[in-house]
There are 4 protein chains.
Amino acid sequence: MSTFGTLFRVTTYGESHCASVGAIVDGCPPGLELSAQDIQTQLSRRRPGQSDLTTPRNEKDLVQLQSGLEHGDQRPHDYSETDLYPRPSHADYTYLQKYGIKASSGGGRSSARETIGRVAAGAIAEKYLKVVYGIEIVAFVSSVGKIHLPSTFAPPSLMPLNTDEVDDAQDALSKDFVDLLSNITREQVDKYTTRCPHPETSERMTERIVRAKNAQDSIGGTVTCVIRNVPAGLGEPVFDKFEASLAHAMLSIPATKAFEIGSGFRGTEVPGSQHNDPFVRGESGTLRTATNWSGGIQGGITNGENVYFRIGFKSPATISQPQETAQYDGTLGSLAARGRHDPCVVPRAVPIVEAMAAIVVMDQLLIQNSRKTAASLLPPITTLPPTMVLPKKDA
Amino acid sequence: MSTFGTLFRVTTYGESHCASVGAIVDGCPPGLELSAQDIQTQLSRRRPGQSDLTTPRNEKDLVQLQSGLEHGDQRPHDYSETDLYPRPSHADYTYLQKYGIKASSGGGRSSARETIGRVAAGAIAEKYLKVVYGIEIVAFVSSVGKIHLPSTFAPPSLMPLNTDEVDDAQDALSKDFVDLLSNITREQVDKYTTRCPHPETSERMTERIVRAKNAQDSIGGTVTCVIRNVPAGLGEPVFDKFEASLAHAMLSIPATKAFEIGSGFRGTEVPGSQHNDPFVRGESGTLRTATNWSGGIQGGITNGENVYFRIGFKSPATISQPQETAQYDGTLGSLAARGRHDPCVVPRAVPIVEAMAAIVVMDQLLIQNSRKTAASLLPPITTLPPTMVLPKKDA
Amino acid sequence: MSTFGTLFRVTTYGESHCASVGAIVDGCPPGLELSAQDIQTQLSRRRPGQSDLTTPRNEKDLVQLQSGLEHGDQRPHDYSETDLYPRPSHADYTYLQKYGIKASSGGGRSSARETIGRVAAGAIAEKYLKVVYGIEIVAFVSSVGKIHLPSTFAPPSLMPLNTDEVDDAQDALSKDFVDLLSNITREQVDKYTTRCPHPETSERMTERIVRAKNAQDSIGGTVTCVIRNVPAGLGEPVFDKFEASLAHAMLSIPATKAFEIGSGFRGTEVPGSQHNDPFVRGESGTLRTATNWSGGIQGGITNGENVYFRIGFKSPATISQPQETAQYDGTLGSLAARGRHDPCVVPRAVPIVEAMAAIVVMDQLLIQNSRKTAASLLPPITTLPPTMVLPKKDA
Amino acid sequence: MSTFGTLFRVTTYGESHCASVGAIVDGCPPGLELSAQDIQTQLSRRRPGQSDLTTPRNEKDLVQLQSGLEHGDQRPHDYSETDLYPRPSHADYTYLQKYGIKASSGGGRSSARETIGRVAAGAIAEKYLKVVYGIEIVAFVSSVGKIHLPSTFAPPSLMPLNTDEVDDAQDALSKDFVDLLSNITREQVDKYTTRCPHPETSERMTERIVRAKNAQDSIGGTVTCVIRNVPAGLGEPVFDKFEASLAHAMLSIPATKAFEIGSGFRGTEVPGSQHNDPFVRGESGTLRTATNWSGGIQGGITNGENVYFRIGFKSPATISQPQETAQYDGTLGSLAARGRHDPCVVPRAVPIVEAMAAIVVMDQLLIQNSRKTAASLLPPITTLPPTMVLPKKDA
């Protein structure tokens with residue numbers, strides 16, 4: 001494909017007649033002094049129109065560096081606090097430890113601005129999934145600080161479970177929540193600036209965020225996401241189970257701290273006899289599950305039910321109120337962030353969660369497509385013991 | 001390295017004089033009729049001693065298939081219930097959907113027996129990490145059903161947080177819990193058959209598991225794991241953040257449903273001003289954090305503090321009591337598992353969690369080792385603006 | 001899938017009821033002191049039957065190390081020459097440089113014995129390719145030392161090209177060679193111990209190999225391989241072009257030094273007007289090429305014609321005659337290999353080449369299967385300019 | 001790192017304050033109707049400044065598509081020949097077979113213009129390799145059509161080898177060629193528009209290229225490349241041997257057909273006794289090889305000697321003289337390329353070869369760095385048998 005290398009990894013793009021061509025270089029050792037001219041020299045040796053022996057097309061092939069250089073074009077600036085302090089719970093200190101160099105601008109690649117590329121890529125995946133499979137991916141804010149959706153709408157982890165044994169597993173997953181998962185749309189979500197599609201809760205969340213903002217503080221929250229119409233059979237055994245890939249994708253989003261699929265942590269408290277999702281005959285004759293504690297995944301593979309999961313985003317580390325903390329040299333002092341920051345990231349995190357979900361589904365779908373096609377071309381197995389009746393291939 | 005291919009993936013092992021040589025083949029399309037002879041034919045064309053033109057060493061190179069064949073050597077057996085029923089919340093149904101074929105033996109690669117290989121590999125990683133870095137990885141059972149460690153010992157997600165604003169973040173992380181993370185050993189954990197290192201809690205957990213067992217039922221739980229002495233700087237920006245890799249690894253363990261790092265879901269409720277981990281001067285002159293809500297990771301990169309995380313394991317799906325559920329053909333019936341099964345997996349999951357943690361640390365360490373070595377060989381940058389003083393390389 | 005990690009890479013195998021379960025661990029730092037007990041300790045903590053709380057199945061889960069340990073169970077032996085000398089053109093010296101440690105047994109993972117795993121994996125791929133696509137992969141020995149197939153049967157690189165401009169490109173590719181590619185079978189190849197399917201040439205090759213053997217010397221050769229009935233469309237743009245993957249696979253076989261696809265090096269001497277493969281209408285209405293200088297690949301993608309390529313294997317480095325060479329400490333001396341070695345590897349290399357070819361085709365096929373399936377599910381594009389008529393999807 | 005996914009692969013770039021941020025999306029199914037608006041919708045949901053609850057920074061985050069869309073902004077054009085004909089030996093036909101869709105502009109990703117990204121990335125790698133290791137990578141044109149460097153300067157594959165046994169292996173590798181490899185610089189190469197650093201040969205090559213150009217034809221050639229000062233120990237055992245990675249990289253360059261390392265195909269004709277590279281004590285006390293038939297690689301691992309290899313580039317498929325060939329519908333006709341094309345690509349291929357070589361060395365170096373660092377931190381092994389004396393770690 002378009003990527004080469006393991007630790008020094010090059011990904012190129014571009015064709016004959018497109019707007020630009022280029023490459024993303026990943027894994028360059030930090031601290032390398034590099035100028036555009038270092039690159040231009042070789043581009044100029046490659047470009048057309050160098051001599052009578054090459055094509056007379058005269059193209060300049062001028063290099064443009066989009067990101068990754070720290071100090072090349074930096075404006076001189078005064079000694080500022082961010083030169084002295086590693087911001088608490090930011091990447092300043094860990095990036096310094098990792099790269100042995102301070103990024104001049106914010107948190108380097110840990111910046112939330114990086115997620116723009118994810119959202120763009122996710123939108124492409126999503127278009128395909130929608131057109132071909134009718135897959136719908138909708139995320140919404142399920143909590144801000146301690147303000148949660150009411151328990152009837154709550155994901156399993158937030159449901160009250162008063163008794164040790166749930167009386168009736170069929171009822172245990174709140175019908176309101178199940179309906180919410182089945183019907184919620186982005187349009188409904190976007191009616192609320194909080195992106196929490198429950199009017200009263202949204203109003204309380206707004207107040208909570210405004211309170212954090214006014215206090216020059218910040219607050220965290222959770223995002224719940226549902227993927228509808230996922231074909232059964234996605235996810236790879238062992239290390240790339242569907243939920244493992246989802247967890248990887250979600251925990252790679254800046255500020256995330258927690259992930260749960262289906263019944264999540266709360267599910268660990270429910271006995272197997274109640275937690276198991278019994279099979280029933282579905283409308284189209286295929287099997288379905290009566291409940292969906294599993295969150296649409298069993299044994300790491302999707303079963304065709306709604307996939308739903310919840311992600312925890314911590315309170316943003318950047319706050320304007322002064323914090324007692326040490327400078328790089330260990331001197332204790334007080335740091336207050338300047339600039340304008342999000343007091344709560346979850347409303348804007350919604351499309352990022354959707355994008356990463358789309359990317360995971362798309363990738364797992366393409367992998368499973370390959371297997372399914374490959375298997376469908378095989379002749380029937382002739383050595384099956386008589387009691388082993390294979391289901392039809394189109395299952 | 002020893003692996004070739006993207007979807008059809010071959011990994012070989014073996015040398016000149018070792019016990020055996022072989023390969024793991026991943027991604028073979030399901031439903032291929034295959035016999036040992038199919039492979040032997042080509043091995044025999046490759047083996048030494050075929051003719052006078054080759055080495056006279058006479059080696060037989062006989063193929064032995066270890067796993068993956070479904071029906072080749074299967075003993076005839078009676079029509080059993082597992083031929084009729086997809087077991088609820090098992091991989092039977094999803095594997096059938098994925099592969100178009102029913103595994104004759106349990107859940108195929110979703111079997112917990114697969115984790116033996118992980119534990120073996122993790123033990124190798126762990127040996128290195130221990131010898132070179134003194135890294136200690138200790139996991140323990142933190143809950144069984146609703147039986148949790150007492151709140152003073154509880155991970156942040158289980159701490160009571162009564163007020164919206166925590167009064168003193170320095171005290172908010174229970175000292176008992178912090179001490180537990182810093183001191184717990186495998187020996188202490190293994191004193192309890194539950195692997196919960198708190199006598200009273202362990203006793204209550206034992207009762208809970210026995211109750212599940214007697215009821216022919218099962219119960220879930222959580223495992224908390226700490227990694228001590230992790231060097232700062234591990235984890236790759238963007239998609240392979242340390243917690244993303246950990247989450248991927250943990251959610252790939254059978255029966256897992258949830259993952260949280262550091263303060264996890266509960267941390268989303270704590271304002272940034274309280275949740276941030278302020279820096280202080282450490283004993284050796286390097287910076288440390290006064291609290292550790294971050295779980296030892298900031299911006300996706302380890303900061304040198306204890307890495308701790310919690311994993312939710314669902315109640316085992318295999319239970320002996322009868323369950324109402326549909327057969328493959330949609331007919332409703334009643335299924336009761338035979339055989340002897342774990343009523344609760346968390347005590348045995350402890351070494352699996354430790355193994356996957358060791359594998360993640362080892363892999364990220366080797367990647368960071370490369371970068372650090374590469375960067376350390378570069379001459380100082382000469383174009384830094386005067387106000388930009390680089391920290392020393394050995395930081 | 002079944003592999004986890006980038007530099008420390010773990011691949012597991014095994015299911016519920018198979019012969020064994022296990023893992024291949026790749027990338028463990030060399031020089032780690034490791035015993036089976038290091039691994040057994042954790043396996044024993046994971047195994048069933050540890051206590052009343054777990055399943056009463058009593059399984060031992062005893063570790064068995066198959067390869068990779070150097071000194072654990074090594075028999076004491078006298079100071080031998082191989083302890084003193086790095087064998088010329090062997091991996092002894094480079095492995096020492098790479099790992100900082102001397103392998104006690106031959107060339108470690110560079111041993112040709114490693115290829116057994118490849119042959120086994122290739123046989124599985126081949127079975128699928130044969131059953132579903134009728135793909136045939138046949139390799140044969142095309143030269144031993146200076147003894148080549150006669151020019152009429154020769155691959156393009158060995159054809160005489162006396163004039164600068166070839167008179168008639170249609171005739172330039174020897175008809176005998178083209179026929180050989182189209183018809184040669186493994187049975188025909190295996191009639192000759194040399195695996196060169198041309199009686200006179202095979203006889204001369206036999207003499208050449210015997211001469212090398214008698215002289216306690218060795219000799220190299222080339223293997224030519226054809227892949228018939230490859231579907232058009234295999235190979236990934238940019239870095240994973242079909243020929244790039246083939247070259248990677250072939251040059252990973254021990255003792256290989258050269259690779260050429262289609263017309264290869266000789267093709268560089270033929271003007272484009274003669275070297276281009278013009279299209280003609282094929283029997284089934286699809287296009288075919290009149291000639292096949294391209295070796296079945298254009299723009300990195302297969303075109304449905306025979307894929308053929310040639311690989312050079314050097315003369316084996318292990319020879320019994322004394323060689324003047326330096327010891328590890330620089331002292332000049334004389335080294336003669338003991339033991340029984342192949343005077344020429346190409347006859348035994350034939351199934352290894354076929355195996356690696358099968359693995360490449362299989363992997364590229366699975367990748368392309370996925371794309372083709374994904375594309376086939378899309379609705380027709382509605383925004384095509386009127387002059388852009390899309391070919392039918394089944395093309 | 002910055003890439004996520006197996007078949008649908010997303011690579012992002014960008015930081016807080018850089019010129020742009022974005023993503024390369026690889027593996028999107030062909031035929032998806034996509035507009036910028038599909039992407040913008042989600043970007044707008046993510047952007048800052050959407051409401052009072054988010055940061056008031058007002059950023060537009062407007063999407064710009066650089067490449068990959070076929071028909072979006074295409075100017076209407078007349079029915080041209082390239083709509084009717086698949087160009088012989090181009091990617092037109094195979095891309096159509098692969099993607100089921102005709103690229104409107106040249107050969108899609110098979111375009112040589114794509115190599116601009118490689119050259120840029122290679123220049124970054126090269127800078128590091130030069131600064132830290134003094135590694136020098138110099139490629140030059142070694143043949144155009146039948147015009148080769150004189151035999152004394154020729155790579156091994158082009159040396160005359162009249163006798164079966166070379167009399168003296170030490171002399172067999174032409175001294176002139178060895179000197180050329182050791183001393184050639186880019187400045188010397190660039191003195192010649194052909195990039196063949198031998199005046200008479202360059203002149204003849206120029207004539208040959210001009211002749212091709214005047215005949216509206218094209219001609220191929222070979223590029224030889226040397227990598228000097230490569231540390232010993234690079235290359236991974238088994239599948240990622242150094243020469244396998246190099247071959248993969250080189251055969252991924254458009255128009256390449258052949259690769260050989262060191263003595264290459266010709267080396268297969270030289271007996272082992274002559275082909276082996278005996279060790280001698282080097283100046284600094286470390287071992288060196290007296291000859292270098294191996295091309296600096298033994299057992300897949302670099303040995304510290306010059307790495308050299310040769311690549312064959314076919315005659316460009318685009319020629320202006322009319323060619324008899326079939327249209328897509330099978331109708332025979334005559335096609336002549338319009339536009340201005342390179343009659344011979346090798347002069348411009350030189351920096352591309354250097355770039356891919358730099359990328360391979362850099363990647364393998366980073367991998368080996370990691371291992372070396374990891375091994376250096378281990379304590380000495382205590383269980384070595386007494387006769388096993390380990391070399392010093394810094395070897």
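In the predicted model described here, strand β7 (residues 256-261) of chain A and strand β7 (residues 256-261) of chain B pair in the antiparallel sense over 3 bridges; strands count as paired if DSSP finds at least two bridges between them. Within this pairing, A258(A) stands opposite E260(B) in β7(B). Helices (H or I, at least four residues) and strands (E, at least two) are DSSP runs, numbered from the N terminus. Because the model is predicted, local features need pLDDT of at least 70 and side-chain atom pairs count only at pLDDT 80 or more, whereas totals for chains, interfaces and linings use all residues. Residues are numbered from 1 along each chain as its sequence is written, and chains are lettered from A and ligands numbered from 1 in the order in which they are written.

Chain A contains 12 helices and 14 strands. Of its 395 residues, 61% count as buried; a residue is buried if 20 or more other C-beta atoms lie within 10 Å of its own, exposed if 12 or fewer, and partly exposed in between, with C-beta atoms placed from the backbone. Among the contacts in chain A with a separation of 6 or more, 67% involve residues 24 or more positions apart. Two residues are in contact if their C-beta atoms, placed from the backbone, lie within 7 Å.

The interface between chains A and B was examined next. In total, 117 residues of chain B are in contact with 118 residues of chain A. On the side of chain B that touches chain A, the largest share, 7 residues, comes from α3(B). The residues on this side comprise 50 nonpolar, 48 polar and 19 charged, where Ala, Val, Leu, Ile, Met, Phe, Trp, Tyr, Cys and Pro count as nonpolar, Asp, Glu, Lys and Arg as charged, and the others, Gly among them, as polar. Chain B is superposed on chain A by a rotation of 180° with 0.0 Å of shift along its axis, giving an RMSD of 0.1 Å; superposition is by least squares on the C-alpha atoms of residues with pLDDT of at least 70 in both copies. The C-alpha of chain B nearest this axis belongs to H248(B), at 2.4 Å. The same surface serves both copies, since 99% of the contact residues of chain B recur in chain A.

Helix α12 (residues 346-376) of chain B packs against helix α12 (residues 346-376) of chain D at an angle of about 100°, with the axes 7 Å apart. Axes are lines fitted to C-alpha atoms, for helices over the stretch in contact, and angles run from 0 to 180 degrees between N-to-C directions. The two helices are therefore roughly perpendicular, a term for angles of 65 to 115 degrees, while those under 35 count as roughly parallel, over 145 as roughly antiparallel and the rest as oblique. The contributing residues of α12(B) include L366(B), I367(B) and S370(B). By class, this contact has 6 nonpolar, 6 polar and no charged residues.

Helix α3 (residues 92-99) of chain D is mostly covered, with 8 of its 8 residues buried. These buried residues pack against elements of chain C, including β8 (279-281) and α12 (346-376). Just after α3(D), G100(D) takes a positive phi of about 70°.
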